[in-house]
Amino acid sequence: MTERAVSYEKKGAVAIVTIDNPPLNVMNQQVTRELKEAFTALKEDNETVAVILTGAGDRAFMAGADIKEFPNLIGRKGIKADFLEGHAFLNEIDQFPKPTIAVLNGLTFGGGCELALTCDLRIAEEHAQVGLPEIKLGLFPGGGGTQRLPRTVGDAKAKELMFTGDPIDAAEAKNIGLVSYVVPKGEGLQKALELAGRMTRHSLPALSKIKKAVDQGLSSSLEEGLDLEAELFEEVFQTEDIKEGVQAFIEKRKPAFSHK
């Protein structure tokens, strides 16, 4: 029986998804399938409010795709649909209706960087390196990197990273806005749990609507984004949590959200 390459554990309202595909946690078909299974399960889990994604060990978050799978693609035509399936998988994580945090605890290259970009926030340990080296193989980022990276760090910096294929360290990743925090080696998960804990005390319906408003609004005009915000604002006033939040404020106590 093949050992699982992806597992998850729950700590209260936070779930920790770990990629464990030694030695460098590369992306392959098994990892893709099991990541999808994990996020599907956690999407339906009403107890889980936020998800942390990281790699096992301290060498890599994910050091890219499994290059051994590439020879089967060379010279083939009509495989766009296969690539779109990969996009669909990453889009599911991008559109996951709960806050997500990636902990970059080592090498974060190629598909690993593209996977990290699907998360809402990224925390890098100080020894992490981040890059999109596909150009060095005569390729370019094909897992959403050409689209998500410019939206995160701006087009000029994104092009530089993709044109050169050279990695950057954690400090520079923070400087360009690719990661939110840099922490000492081994402390990424602790920081992510602390940050997630500050989120999970709030209402999941409200958190989900913030994420939807921001993500969809960024690909819309300001007018369309404001219309979406108004629509979601109306929806949030129909939740049980808004009743609890307002009542708790009036009674000067902490709210006990049901996430409904």
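Predicted model: local features only at pLDDT ≥ 70, side-chain atom pairs only at ≥ 80, totals over all residues.
You'll find Asn-28 in the loop between β2 (14-19) and α1. Is Asn-28 buried or exposed? Its relative accessible area is 14%, and because buried means under 20%, Asn-28 counts as buried. Its side chain also reaches the backbone nitrogen of Val-31, at 2.8 Å.

Now for the nonpolar residues. In soluble globular proteins, nonpolar side chains tend to be buried together. Here, the largest nonpolar core has 41 residues, and Val-17, Leu-35, Leu-53, Leu-104, Leu-115, Leu-149 and Leu-178 are the ones with the most contacts inside it. Helix α1, residues 29-44, gives the most to this core, with 5 residues. There's a second, separate core too: 12 residues, including Ala-50, Ile-52, Ala-196 and Met-199.

Take Leu-149 as an example. If you skip its neighbours within four places in sequence, Leu-149 is still in contact with several residues, among them Leu-117, Leu-132, Ala-158, Leu-161, Met-162 and Leu-178. Two glycines, Gly-144 and Gly-154, are on that list as well.

Finally, look at the strands. Four of them form an open sheet in the order β4-β6-β8-β9, with mixed pairing. At the edges sit β4 (60-62) and β9 (168-169), each pairing on one side only. Strands β6 (residues 107-109) and β8 (residues 129-131) pair in the parallel sense over 3 bridges. Which residue in β8 is the bridge partner of Phe-109? That's Gly-131.

Note on methods:
Residues numbered from 1 in each chain as written. Heavy atoms only, no water. Core = buried A, V, L, I, M, F, W, Y, C linked by side-chain atoms within 4.5 Å. Buried < 20%, exposed > 50% of the residue type's maximum accessible area, 1.4 Å probe, protein only. Helix = DSSP H or I, 4+ residues; strand = E, 2+ residues; numbered from the N terminus. Contact = heavy atoms within 4.5 Å. Pairing = 2+ DSSP bridges. Polar contact = N/O pair within 3.5 Å; in protein donor to acceptor, adjacent residues only side chain to side chain.
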